[in-house]
Amino acid sequence: ICSADVVICEKLVSEFEASHSDIDVNMVRLSSGEAYAKVRAEGRNPQTDLWWGGTGDPHLQAAHDGLTAEYKSPMLEELQDWAQGQAETSEYHTVGVYSGALGWGYNKDIFAEKGIKAPECWSDLLDPALKGEIQIADPNSSGTAYTTLATLVQIMGEDEAFEFLKKMHANVSQYTKSGSAPVKAAARGETGLGIVFQHDAVAQAVEGFPVEVGSPCEGTGYEIGSMSLIEGAQNEDSAKVFYDWVLTAEVQNMMPEAGSFQIPSNASATPPKEAPDLSKIKLIDYDFAEFGSAERRKELLSRWDQEIGSLPLQ
């Protein structure tokens, strides 16, 4: 299962098969929440060997649920501290493969045409001028949207975060299935702004779309895109070959060729020049252990369904 953008998923498969002619890869692209649901549903009879990419929270939940296997890759010591930290938090049932900060991408042409002021803070997303102009994914299917929900809870407090989301709902035109879909819609002029990981907005700008990247003034969360071996995998040895291969600097340096501008986890890999500079973004001390736990995640998603997902779109 690949939980990143389909272009990078396909590139990884084609490059791996080209260099490992004895291994065939069957890949399905699913958002993080969908991937977790599939892995959980197949728990007693796994059809998946390896899950690459997508936000770390559902990977941590899968680890907690015993759905993924412990594996200490020989590549571990080559990784950034945050990638190794993800492995340690999960007792080596997952590992960090890339990182990226949360924010938004907006269509500057639409904003200019409609006289909308570019938002600088989370609070600016409540501006009545943005009515019907915001898209964000559904946190049940999307790791991006779950990271947004968990980020707002950590910045504002839980009750205050849900009050904020209720108010922002008045400006939301759609809750998409995929986390990157909102900024793709903004790039095509179908909506004004998408709440996404900033590297997904960068990818649209690099393609020539009139997209500007925003980073919230109050601070923002970030993802540690992760990778996990599935417990009981039918092709465990081949999956480990892929696992070790994709952690190499050489492979991670290929990511920008597929429009992927995350920060790579291999310390020797070169961050894409277009990637948002995390040192210049106000990042919160995101609690991956708490918000990746099964209980906390289930609790927040249930509350979102009751208080936000049930509201009619304007």
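Where is Glu91 found? Glu91 sits in the loop that runs between helix H4 (81–89) and strand S2 (95–107). Please keep in mind while reading these notes that this is a predicted model.

1. Glu91 has a phi near 55°, which is a positive value in a residue other than glycine. Tyr92 is also placed in the loop between H4 and S2, and Tyr92 has a positive phi of about 65° although it is not a glycine. As background, most residues other than glycine have a negative phi. Is Glu91 buried or exposed? Glu91 counts as exposed because its relative accessibility is 57%, over the 50% cut-off. Tyr92, in turn, is partly exposed, with a relative accessible area of 22%.

2. Trp104 belongs to strand S2 while Trp122 is in the loop between helix H5 (108–114) and S3, so the pair ties together parts that are 18 residues apart in sequence. Both Trp104 and Trp122 are buried. If you are viewing the strands, you will also find Trp104 opposite Ile195 in S5.

3. **Strand S5 and its partners.** How many residues of S5 are buried? The count is 5 of the 5, so S5 is largely enclosed by the rest of the structure. S2 pairs with S5 in the antiparallel sense, over 5 bridges. S3 pairs with strand S5 (residues 193–197) too, in the parallel sense and over 2 bridges.

4. **Strand S3, covered on both faces.** Strand S3 (residues 134–137) has buried residues on either side: Ile134 and Ile136 on one face, Gln135 and Ala137 on the other. Within S4, Thr176 is the bridge partner of Ala137.

5. **Helices H7 and H13.** Helix H7 (residues 158–169) packs with helix H13 (residues 294–309) at an angle of about 40°, and their axes are 11 Å apart. The crossing of H7 and H13 is right-handed. From H7, the residues that take part are Glu158, Asp159, Phe162, Leu165, Lys166 and His169. They meet Arg296, Glu299, Leu300, Arg303, Trp304, Glu307 and Ile308 in H13. What is the make-up of this contact, in terms of nonpolar, polar and charged residues? The residues of the contact of H7 with H13 divide into 5 nonpolar, 1 polar and 7 charged.

6. **Helix H3 and the glycine after it.** Helix H3 (residues 56–64) is mostly covered, with 8 of its 9 residues buried. The buried ones are Gly56, Asp57, Pro58, His59, Leu60, Gln61, Ala62 and Ala63. Gly66 follows H3 and has a positive phi, near 75°.

7. **Glu231 and its contacts.** Gly66 comes up again here, as one of the residues that Glu231 touches. Leaving aside residues up to four places away in sequence, Glu231 touches Pro46, Gly66, Leu67, Thr68 and Ala69. Glu231 itself lies in the loop between strand S7 (222–229) and helix H10 (236–246). Glu231 is partly exposed, because its relative accessible area is 42%. Which distance separates the C-alpha atoms of Glu231 and Glu290? These C-alpha atoms are separated by 23 Å, and the two residues are 59 residues apart along the chain.

8. **An aromatic cluster.** One more group to display on your screen: Tyr222, Tyr286, Phe288 and Phe291 form one aromatic cluster.

Conventions: Residues numbered from 1 in each chain as written. Predicted model: local features only at pLDDT ≥ 70, side-chain atom pairs only at ≥ 80, totals over all residues. Heavy atoms only, no water. Helix = DSSP H or I, 4+ residues; strand = E, 2+ residues; numbered from the N terminus. Buried < 20%, exposed > 50% of the residue type's maximum accessible area, 1.4 Å probe, protein only. Contact = heavy atoms within 4.5 Å. Axes fitted to C-alpha atoms, helices over the stretch in contact; angles between N-to-C directions. Left-handed = near helix turned anticlockwise from the far one by under 90°. Nonpolar A, V, L, I, M, F, W, Y, C, P; charged D, E, K, R; others polar. Pairing = 2+ DSSP bridges. Phe/Tyr/Trp six-rings, centres within 6.5 Å; stacked < 30°, edge-to-face > 60°.
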